[in-house]
Amino acid sequence: MPRGVIERYRTLLPVTRKTPVVTLLEGSTPLIRAKRLEKELGQKGLELYLKYEGVNPTGSFKDRGMTVAVSKALEEKARAVICASTGNTSASAAAYAGRAGLRCVVLVPKAKIALGKLAQALVHGADVVAINGNFDQALRMVVEISRTRRITLVNSINPNRIEGQKTAAFEICDDLGVPDYHAIPVGNAGNITAYWKGYREYRAKGKISRLPKMIGFQALGASPIVQGRVFRNPKTVATAIRIGNPASWQSAVRAREESGGLIDTVTDREILSAYRMLASLEGIFVEPASAASVAGVLKLSRKKFFKKKRIVCVLTGHGLKDPDAAFKQVSPPRTVKAELKRVLEAIL
């Protein structure tokens, strides 16, 4: 019988028999060998695997953390949850809150959220408020609201979110073993924090004997960790990582330092190139931010960076989250008369 991440990894999560489990059967996402993309790398002998989180119930990795955060909120008798979001968190929070019978309030930056994600939050019944500001300003406000009202914050600064998200590291180890390198997009930095926590806990439990190097990638126009400064006006086509002051900044740095890895930048051009390659070479449609991990691996491989061979790239969200981005990358379909001759001319 299918299980969500709480039931699959219950003994490694902060839940008890009294915790009412709110699940959409998230997790157990595919780990796909990318043999055609391997040929595009600048180093021979590398093995590239794609952890495709876009097939979670609401289309992103956020569902792993949200099942735990909302389950714990319900256990603690919360009546509502709140979050700031660039899109994916809002969709996930709204879906899980709806399933739990809780009110969901979302703050988003006006005109800076992909339409697919906004549609999800609205149709799931969230109270969405758009602010004339950026994500970091929205996050500060929801933190303050959660401190002064009986409403549970479900952004990744809620430790229950990190607890749920770490289960993806467990799955990688269960399905593949420990990769040599773990590549991941970095926005608010909760996900790199969660994966590193998961790997360390699996080693502490004796399930693995070593740890991967964590290699994170920020968009150049939104790279506060790499450049060591807050970005007041972050800019990138990768809306999910368009964050100028990550809430989990320091824990991301610890993951980098403790693992002997790195956090680097990729340009929007590199992101979109990887985005197209994932779709055309591997049949995997992701939102632009997801492609940052692959873009980073392509960049580093051409510099002969990798000393060992096995790499896992996390693909954080489905391409249908941001259909506008897709249409900007392709030509519209050709229109011809409804005649066989004209169709054959068009395709031949």
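Figure 1. Strand E4 (residues 103–109) and strand E5 run parallel and are joined by five bridges. Helices (H or I, at least four residues) and strands (E, at least two) are DSSP runs, numbered from the N terminus. Two strands pair if DSSP finds at least two bridges between them. The open sheet has four strands in the order E5-E4-E3-E6, with parallel pairing. Its edge strands are E5 (127–131) and E6 (152–153), each of which pairs on one side only. Strands of a sheet pair through backbone hydrogen bonds, either parallel or antiparallel. Residues are numbered from 1 along each chain as its sequence is written, and side-chain values use heavy atoms, with hydrogens and water left out. Because this is a predicted model, local features need pLDDT of at least 70 and side-chain atom pairs count only at pLDDT 80 or more, whereas totals for chains, interfaces and linings use all residues.

Figure 2. Strand E8 (residues 213–219) is joined to E9 by five bridges, and the two run parallel. Phe217 has Asp264 in E9 as its bridge partner. Five of the five residues of E9 (residues 262–266) are buried, so the strand is largely enclosed by the rest of the structure. Here buried means under 20% relative accessible area, exposed over 50%, and partly exposed in between (1.4 Å probe, protein chains only). In a regular strand the side chains alternate between the two faces of the sheet. In E9, Leu262, Asp264 and Val266 point one way, Ile263 and Thr265 point the other way, and all are buried.

**Figure 3. Glu171 is a buried charged residue of helix H8****.** Glu171 belongs to helix H8 (residues 167–175). Glu171 counts as buried because its relative accessibility is 0%. Its side chain reaches the backbone nitrogen of Thr29 at 3.4 Å. A polar contact is a pair of N or O atoms within 3.5 Å; within protein, one must be able to donate a hydrogen and the other to accept it, and residues adjacent in sequence count only if both atoms are side-chain atoms. Beyond its neighbours within four places in sequence, Glu171 is in contact (heavy atoms within 4.5 Å) with Val5, Arg8, Tyr9, Gly27, Ser28, Thr29, Lys51 and Arg64.

**Figure 4. Ser28 and Ala189 are loop residues with positive phi****.** Most residues other than glycine have a negative phi, and most peptide bonds are trans. Ser28, in the loop between helix H1 (5–8) and strand E1 (31–33), has a positive phi near 55°. Ser28 is partly exposed, because its relative accessible area is 45%. Ala189 lies in the loop between strand E7 (181–185) and helix H9, and its phi is near 75°, also a positive value. With 4% relative accessibility, Ala189 counts as buried.

**Figure 5. Helix H13 is largely enclosed****.** Ten of the eleven residues of H13 (residues 292–302) are buried, so the helix is largely enclosed by the rest of the structure. Among the buried residues are Ala292, Val294, Gly296, Leu298 and Lys299. Lys304, which follows H13, has a positive phi near 60°.

**Figure 6. Two cavities are found within the structure.** A search of the whole structure finds two cavities of 30 Å³ or more. On a 1 Å grid over the protein atoms alone, a cavity is a set of points where a 1.4 Å probe fits but cannot get out, and a pocket is an open set with protein on both sides within 12 Å along at least five of seven lines; lining residues have an atom within 4 Å of a point. Grid points are joined across faces, edges and corners, and a volume is the space filled by probe spheres set on the points. The largest cavity holds about 320 Å³ of space. Its lining has 27 residues, of which Phe61, Lys62, Asn188, Ala240 and Ile243 lie nearest its centre. Helix H9 gives the most to this lining, with three residues. The second largest cavity holds about 70 Å³, and its lining residues include Thr86, Pro109, Phe135 and Arg242.
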